[in-house]
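Grab a viewer and try each one before reading its solution.

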Amino acid sequence: MEIIRAKNYQDMCRKAANLIFAQLIQKNDSVLGLATGSTMVGIYKDIITRYSSGDLNFEKVATVNLDEYLGLPSTNPQSYRYYMEENFFNHINISPKNTYLPDGMCDDINKECKKYDMLIDSLGGIDLQLLGLGLDGHIGFNEPGNVFHKNSHCIQLNESTIKANSRFFDRIEDVPKRAITMGIGSIMAAETIVLCVNGENKAPILKQVLYGPIKPQIPGSILQLHNNLIVIADADAFKEISF
Ligand code: GLP
């Protein structure tokens, strides 16, 4: 595991954007695994800035997102498809047909999950996976449980996750209760994983994820077993870890 200590949120975003930049310079047809959430907003902004100055080309890039809420159409501003378009895809020269998220409006959830896994396989797997961290240790929407789910699956969101994510919705009742998430298997199969964490409220869970026992009750703890995990966190998030 490589630890990169950022001064603050801005610094964390710049460092993460630099890693994406380096990835695309080395492999212009990379498959990027992407995440949503507030952590990622500044990272996408910084990547867009580098793109705008002519340093990046997304023509041959494909993206696969970690997750999507069930029951929200892509036109709903709270859907992750909408988030990705607003915060990233609409500002770069990526072809929409190369941007993938699970379909939150699918008729057959099991079929959609299988399709998503097959899609990731057909792309040749993920070169670089960006990850945020949930307050309960979730990655993607792999919530704490008794097992690590290998494949894409439908998940019942935890009360704490619903509460945390309700800040993006008008009312807590509007937060979907279920989502489709990429499984731990596809995440762990990525060549490189970049885990980005900021803020003091994530300090206790970050410590558990990086140095606690590896267990499905703390889904992110499995990242300790990855061969090429890069953790970029700001000083607040590293507060409980002594270097
Ligand atoms: C959300 C997403 C995750 C994200 C995490 C942290 O529920 N499904 O992919 O990493 O929670 O979100 P935030 O960055 O807003 O703290």
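**Rings in a predicted model**

F141 is buried, its relative accessible area being 2%. Keep in mind that the model is a predicted one.

**Exercise 1.** Classify the pair F238 and F243: what are its geometry and the angle between the planes?

*Solution.* Start with the distance: the ring centres are 5.1 Å apart, inside the 6.5 Å cut-off for a pair.

**Exercise 2.** Are F238 and F243 buried or exposed?

*Solution.* F238 has a relative accessible area of 5%, so F238 is buried, the cut-off being under 20%. F243 comes in at 52%, so F243 is exposed, the cut-off being over 50%.

**Exercise 3.** How many aromatic pairs are there? Then work out how Y69 and F141 are arranged.

*Solution.* The count is ten aromatic pairs. For Y69 and F141, the centres lie 5.6 Å apart and the planes sit at 45°, so the pair is tilted. Now place the partners: Y69 belongs to strand 4 (residues 67–69), while F141 is in the loop between strand 6 (128–131) and strand 7 (153–156), so the pair ties together parts 72 residues apart in sequence. Finally, check Y69: at 1% relative accessibility, Y69 is buried.

**Exercise 4.** Which residues do ring pairs link into a cluster, and where does the charged end of R50 sit?

*Solution.* The cluster links Y44, Y51, F58, Y83, F88 and F89. As for R50, its charged end sits over the ring of F21, 3.8 Å from the ring's centre.

Key
Residues numbered from 1 in each chain as written. Predicted model: local features only at pLDDT ≥ 70, side-chain atom pairs only at ≥ 80, totals over all residues. Heavy atoms only, no water. Phe/Tyr/Trp six-rings, centres within 6.5 Å; stacked < 30°, edge-to-face > 60°. Helix = DSSP H or I, 4+ residues; strand = E, 2+ residues; numbered from the N terminus. Buried < 20%, exposed > 50% of the residue type's maximum accessible area, 1.4 Å probe, protein only. Lys NZ or Arg CZ within 6 Å of the ring centre and 35° of its normal.
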